[in-house]
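Here are my notes on helix packing and salt bridges. Please read them with the structure open.

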Amino acid sequence: MQENKVIAAKPKLSSLQIFNMSAGFFGIQFGFALQNGNASRILQTFGADVEHLSLFWLAAPLTGMIVQPIIGYYSDRTWNRFGRRRPYFLVGAILTAIALILMPNAGAMASFLPPIIIGAGMLMIMDASINVAMEPFRALVGDKLPEEQRSFGFSMQTFLIGAGAISGSWLPYIFSEYLGASKVAAAGQVPHNVIYSFYAGAAILLLTILWTVLNTKEYPPEEMALYHAAEPETEEQKGVLSILTDFSNMPLTMKQLGLVQFFSWFALFSMWVFTTPAIAQHIYKVLPGDTSSVKFADAGNWVAFLFGIYNGVSALYALILPAIARATSKKIAHAFSLIAGGAGLLSIYFISNPDHLIFSMIGIGLAWGSILSMPYAILSGAIPARKMGVYMGIFNFFITMPQIVNGLFGGLIVKEFYHGEAIYAIVLAGIFMILGAVSVLYIQNGQDK
């Protein structure tokens, strides 16, 4: 049997190189933020009831659960003149850009199918495409960076995610308040400020992905072999069905992180789906079913702006999070961040002035910044190097499953138990975020006590 040993130390990269390899995340999150801040609004405009929103949002976790492990598996085994991960960045970006352009124009295609069906279909295509582009970025950090730089690598991605999300979240507000685009439209139509924002998101996504593709070199297979221990192939590891084998053999650290991810992403899904109707009803006093009034438009625009705030906080927090993790531990840093997020979500219930919601977003931003980096930093040292892509994809299962559970039952809970008052879904999200913080402390990881 060949001795397992690392032949050479993986070279450290400069901050600029790490920025270049993650720049595409800015564009991905720009588009993702437009989706998060406006999809519920668009779907309600096309006729979706508030209790059905979570069902439409199931498109995201369902496509992620299927797409990410498969893309991870094949990107682990891809090598051509474009590289290993970069071909997937580019294909995913093109498909996402098309969906961004088509989704707010679903009403124009009503002669083929009802707008709500077309809008939901575009949401699914957008989610699938974002997953194609996003998963290889996580694996690229494991490919390119030595262990001591990975926390910084994931934090750089989080910074760019936050920066992209600020821009994407605020763009509809900027278009309406400063560039003269209308923020209201006739019933069944999407306002111009949202449509123009989606067009801009498509262009920015393509440009930033191209920046990463053109400015990042990947290690070819023979060079990668110099940096990682030899890992013998076994028969059950061959073929795409080996994903099931890898899933059953996942490291203990991944299983323990799974519970943390369940609580965290259940809370995030509730926030993304129900914040607009919750704030519209609870703070702006918008009547149920009203999707065309100025108050509803103001609530939707303000939620998009608030989402920019929490993403801005996460971007700044990502810069200091590695230092916090070094001073304490990755687990302590993540637990603290999730507690802050839970407090932020719970505080929304007690706020009556929309301006004060900015303070809630600070806590949510700390949690979001940590959720996007610390679990991956904890995990990356516990999985085999040659399976970095597939295991990062499998790890996405623990992100998608809580969203699927929430999507199936969240709307029903709002309707039957909360009597249509979406604010209580936000309260439950806060509780779950705090439970996630408690779960972090029970992770057993030899590299991070």
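1. The crossing of α13 and α18 is left-handed. This is a predicted model. Helix α13 spans residues 330–347 and helix α18 residues 423–440; they pack at about 165°, with axes 8 Å apart. Angles over 145 degrees count as roughly antiparallel, so α13 is roughly antiparallel to α18.

2. Residues on both helices make this contact. From α13 they include H334, L338, G341, G342 and L345. From α18 they include I426, G430, M433, G436 and V440. The residues of the α13 contact with α18 divide into 13 nonpolar, 5 polar and 1 charged.

3. Helix α7 (residues 147–177) and helix α12 (residues 294–327) cross at roughly 160°, and their axes come within 7 Å. The pair is therefore roughly antiparallel. The crossing of α7 and α12 is left-handed. The contact residues here are 14 nonpolar, 11 polar and no charged.

4. How many salt bridges does a search of the whole structure find? It finds 5. R84, R85 and D143 are linked in a network of them.

5. D143 pairs with R84, with the closest N and O atoms 3.2 Å apart. D143 lies in helix α6 and R84 in the loop between α4 and α5, so the bridge ties together parts 59 residues apart in sequence. D143 has 4% relative accessibility and counts as buried. R84, at 10%, also counts as buried.

6. R85 and D143 meet at 2.6 Å, N to O. They are 58 residues apart. Both are buried.

7. E177 and K183 form a salt bridge at 3.9 Å, N to O. E177 is partly exposed at 39% relative accessible area. K183 is partly exposed at 25% relative accessibility.

Key. Residues numbered from 1 in each chain as written. Predicted model: local features only at pLDDT ≥ 70, side-chain atom pairs only at ≥ 80, totals over all residues. Heavy atoms only, no water. Axes fitted to C-alpha atoms, helices over the stretch in contact; angles between N-to-C directions. Helix = DSSP H or I, 4+ residues; strand = E, 2+ residues; numbered from the N terminus. Parallel < 35°, antiparallel > 145°, perpendicular 65-115°, else oblique. Left-handed = near helix turned anticlockwise from the far one by under 90°. Contact = heavy atoms within 4.5 Å. Nonpolar A, V, L, I, M, F, W, Y, C, P; charged D, E, K, R; others polar. Salt bridge = Lys/Arg side-chain N within 4 Å of Asp/Glu carboxyl O. Buried < 20%, exposed > 50% of the residue type's maximum accessible area, 1.4 Å probe, protein only.
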